[in-house]
Amino acid sequence: MGSTRQFMRILGYLKGHELEFGIAMILVVLMSYTNGVIPVLIRNAIDKGISAKNYDVAIRYALLIILAGVLNGAFSFSARYLLTKASQHAIYMIRMDAFRAIQRHRMEFFDKTFSGQIISRITNDTERIMAFLSFRLRMLVYSSFLILISLYYMLRMSGRLTLVAVVTIIVVVMINMTYIKKVRPIYDSIRHQTGVLASLVTGAIAGIKTIKALAAENYSLSKFDKDNEKLYSLNVKATKITSIYGNSPFLVLGLSMSAMFYYGGKGIIAGTLTVGELTAFLTYMLTLMWPLRALGFIIGDMQRTLAAASRLFEVIDSAPESVDAPDAVDLENPRGEVEFRNVWFTYEATGRTVLKGVSFKVKPGEKVLITGPPGSGKSTILKLIARLYEPQKGEVLIDGIDVRKIKISSLRKIVAYVPQEPFIFNRSIKENIALAKPDASMEEIVKAAKIAKIHDFISSLPKGYNTVVGEKGITLSGGQRQRLALARAMLLNPKIVLLDDPVSNLDLETERKLVEDLKDILRDKTALIVSQRPSLARIVDRVIVLKDGRIVEEGKPEELLKRESIFRELVGGEYGG
Ligand SMILES: Nc1ncnc2c1ncn2[C@@H]1O[C@H](COP(=O)(O)OP(=O)(O)OP(=O)(O)O)[C@@H](O)[C@H]1O
Ligand SMILES: [Mg+2]
């Protein structure tokens, strides 16, 4: 069965802590025993001590009751400690596995999965498994054994009263299971709605500039208000159900204790039951109340824990074992030639074919501008060279070798890809540059920054390379971000450089300066630059014009500009200005 397998797999993460786990479970059983035996001790204290007017015996049992209580506390404490320790370690391992898997996942996975969902897998789902291992499982074993031990002693005292107890147990467990069935969908909605609110807040913060610029605060507010209100009414509904079902077990308990008084009283009068025995039964009912409620809760929750586990394991299992093909090679001393051979590419997430038989070749050291209207597939071409995606048909080759046959570690050293919107991490500038090589020396980092011509700016900051950028740190301008991303790309001294729209969002002066510097930066490198800006045409050897996933024009920039060409139309009169 699927759930048994999930269950065993969770337990498998306790590896290395089996002893702790085993001892904890034994302690839990002992806990049930020390708790379940107390009513029997009470019975003896009454029947053999108080009723028999035997003072010493009464004291002896009183002391035994205290001892049982103390032992119970000690067992409970140790079991809890051992179990929490073992399960914290298990959760640590599960989280590592999940995070490692996320790093291994291909881009398609992230295209298809909301980041909120992935975050929820790693935080909520592991939390749930944690609660199961450390708390629920303990309660399950404890409650089950306590009920069994109690029934055993009850049965030895009175069959009739035991029947009353069994009926009570069944009714209370059923009430609790109904309660959970009713309240669960509401709690699910509450959790969902909380997520909605959280994403509204995140969105509002991330988009605060746009919201303020458009004076859209009221729209944003009323949307939040509506969803906030929804969450409020859901919570009210849940509270209502909880109040009703939370108290009804006590009504059942009251009824069953009355029944016990009735039958027990009759038994005492008839001499078939002792006062101590009746007291023991009543004590049992009070003792069992909490474990019974917990049991209904745990049984109802088991399926959900296993569902959380299977969702989490799905993230882990669906990640490719390794990004490299078994016959992948290291590419030593690359020349830096790039070739597309009849490449067809479709994004899995949308099923749209965005490259339709693209073929071209870039010689080592050549600089090529890829241009074309928005959505024509320019960025996609770069992503295929960096092997963020793989074509469904055709081949992408570097030095004549299919990129799928090059070890990814080797490919990352040869190809530097600067995305359209480079991500700057909320860390120091140094760390941001050294992303691809965390152990890079300071000299290497400074050298990369100098190549990207951002060293002077960094040096002018009070904290220099240790300046934290991003949230709560300094905010970089568009041009500075581009140069930081360039420095990051230059660190590994790549042979092939892919720049996606490096001068978008820059003012004319910054653009002019960057283009001028790029000439230097890209010397003796193969470069593919995606851009709509004419300024870049000045520093490239060749232009490829893309339209709707096909190459529609190709040539030297000067030649294309001389004649009636699509490129000239795209660039208009701006070129050379
Ligand atoms: N991760 C993705 N998942 C699904 N579709 C995508 C993805 N990335 C891009 N697309 C789609 O593929 C097509 C080509 O996108 P691409 O980013 O290559 O265009 P582009 O030429 O770089 O455009 P722009 O000039 O606007 O940057 C577009 O229609 C786009 O919507
Ligand atoms: Mg693009």
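A salt bridge is counted here where a side-chain nitrogen of Lys or Arg lies within 4 Å of a carboxyl oxygen of Asp or Glu. The structure is a predicted model, in which local features need pLDDT of at least 70 and side-chain atom pairs count only at pLDDT 80 or more, while totals for chains, interfaces and linings use all residues. Residues are numbered from 1 along each chain as its sequence is written, chains are lettered from A and ligands numbered from 1 in the order in which they are written, and side-chain values use heavy atoms, with hydrogens and water left out.

In total, 27 salt bridges are present in the structure. One of these pairs R523 with D520, with 2.7 Å between the closest N and O atoms. R523 is exposed, at 52% relative accessibility, whereas D520 is partly exposed, at 39% (buried means under 20% relative accessible area, exposed over 50%, and partly exposed in between, with a 1.4 Å probe and protein chains only).

Salt bridges with shared partners also link R106, E108, R387 and E390 into one network. E108 is buried, with a relative accessible area of 6%, and R106 is partly exposed, at 33%.

A further salt bridge joins K85 to E20, at 3.0 Å between the closest N and O atoms. Because K85 belongs to helix α4 (residues 55-104) and E20 to helix α2 (residues 18-36), this pair ties together parts that are 65 residues apart in sequence. Helices (H or I, at least four residues) and strands (E, at least two) are DSSP runs, numbered from the N terminus. The relative accessible area of K85 is 39%, making this residue partly exposed; E20, at 17%, is buried.

According to an unreviewed UniProt entry, residues 23-304 carry the feature "domain: ABC transmembrane type-1"; UniProt positions follow the numbering used here, feature names are shortened, and annotations may be inferred rather than shown by experiment. Over residues 23-304, the chain is 94% helix and 0% strand, with 27 Å between the end C-alpha atoms.

The magnesium ion (ligand 2) is coordinated by OG of S379 and OE1 of Q420, at 1.9 to 2.5 Å. S379 lies in helix α11 (residues 378-385) and Q420 in the loop between β6 (415-418) and α13 (429-433), so the two residues tie together parts that are 41 residues apart in sequence. S379 is buried, at 16% relative accessibility, and Q420 is partly exposed, at 36%. Donors are N, O and S atoms within 2.8 Å of the metal (3.2 Å for Na, K and Ca); water is not among the atoms, so sites may look incomplete.
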